[in-house]
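Open the model in your viewer and keep the selection tool at hand. Each stop below says what to select and what is there.

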Amino acid sequence: MIKLLANDGIDPVGKQLLEEAGFFVDTNHIPQDELPEKLQNYDAITVRSATKVRKALIDACPNLKLIGRGGVGVDNIDVEYALERGVAVHNTPAASSASVGELVFAHLFTGVRFLQDANRKMPVEGASKFNDLKKAYAKGIELRGKTIGILGFGRIGRETAKIAYGLGMEVLAFDVYPSVTELEITLGGGVTVTIPVKYAEKDEVIAQSDFISLHVPFSEEPVIGAREFALMKKGAGLVNCSRGGTVDEDALLEALNTGGLAFAGLDVFDNEPTPRTDLLVHPKISLTPHIGASTNEAQERIGVELATLIINHFKTLAS
Ligand SMILES: O=C(O)CC[C@@H](O)C(=O)O
């Protein structure tokens, strides 16, 4: 029987598919420092973003044949090394795109109407200073008619663009390898429309957009630092639901504190799972704890896709 450790959990539907295909699926979490010893008993492991599968762990587990990543980013896995050692790596690049796109807009709507601050202050000051707060949050703006700049126009960037078009926004896209020229969007009522994509160079997207949303993989060097903040329109908003490290957090605070940047929405942080406190308490930052893919729908799609990939992989190995 093939033994699989789902160390960061797996949706019940995915687990059921694997069990029906004859796999033993263990969903008990093994702490990172115990994995080198305990993972030796398994043929495969699935992870989300919490568990790291680095060289040393791969070396410690000669029996390991497959690493499954429930999600998009594989920066917590030494992919090249795994492949060199004959360990397959599979991820689920499409399953969470809609959920991440929707979280971008949760942050955008929050930022333009000061919800991050109102939600902190109303429980404390809402009864005694209602009219003061009403005044403090009186200068909201609409998203309709504004331009969103999308840096990274892969699956998640494109889902984000579709929501933006639905809201009557303009979209400016940048991608190192632009892959589509138009987007087909299914609206409610079964109406489908096709919209041509407007691309521009990265600096132009940054300079011309009212809001900027990042959809890039992890990079050693930030994609948005002091230089990029200086290029932005005064009063712009920034959302990062991609990876910690892609925005220079010192430069972000500087841009917020000097008034150039109106707000930021952050789902990801440099130092996960212990982000710096000055970001967490900032009145202009809307916060979520890396939950872009954490919806019931996305997790079910991820579980099913991952289970199917794993079942097919082991079928091929056996044939
Ligand atoms: O697994 C998670 O919780 C986050 C996943 C997300 O960052 C991804 O890369 O798909």
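Select D11 and helix α1 (residues 12-20). D11 caps the N-terminal end of this helix, with a side-chain oxygen 2.9 Å from the backbone nitrogen of V13. Helices here are DSSP runs of H or I with at least four residues, strands are E runs of at least two, and both are numbered from the N terminus. Go on to G22, which follows α1 and has a positive phi, near 95°.

A word on the source: this is a predicted model, in which local features need pLDDT of at least 70, side-chain atom pairs count only at pLDDT 80 or more, and totals for chains, interfaces and linings use all residues. Residues are numbered from 1 along each chain as its sequence is written, and side-chain values use heavy atoms, with hydrogens and water left out.

Now the ligand. Which residues are around the ligand? Select R48, S49, R69, G70, G71, V72, G73, R243 and H290. A residue counts as near if one of its heavy atoms lies within 4 Å. This shell divides into one nonpolar, five polar and three charged residues. In that scheme Ala, Val, Leu, Ile, Met, Phe, Trp, Tyr, Cys and Pro are nonpolar, Asp, Glu, Lys and Arg are charged, and the others, Gly among them, are polar.

Zoom in on the polar contacts (pairs of N or O atoms within 3.5 Å). A polar side-chain atom of R48 lies 2.9 Å from a ligand oxygen. In the side chain of R69, an N or O atom is 3.1 Å from an oxygen atom of the ligand. S49 uses its backbone: an N or O atom there lies 3.4 Å from a ligand oxygen. The protein covers 90% of the 300 Å² of accessible area that the ligand has on its own, by the Shrake-Rupley method with a 1.4 Å probe.

Next, select F114, in the loop between α5 (97-112) and α6 (115-125). Its phi is near 60°, a positive value in a residue other than glycine.

Move to P273, in the loop between β12 (261-266) and α12 (277-280). Is the peptide bond from E272 to P273 cis or trans? It is cis, with omega near 5°.

Finally, select residues 106-292. This span is 34% helix and 20% strand, and its end C-alpha atoms are 10 Å apart.

Definitions and conventions
Polar contact = N/O pair within 3.5 Å; in protein donor to acceptor, adjacent residues only side chain to side chain.
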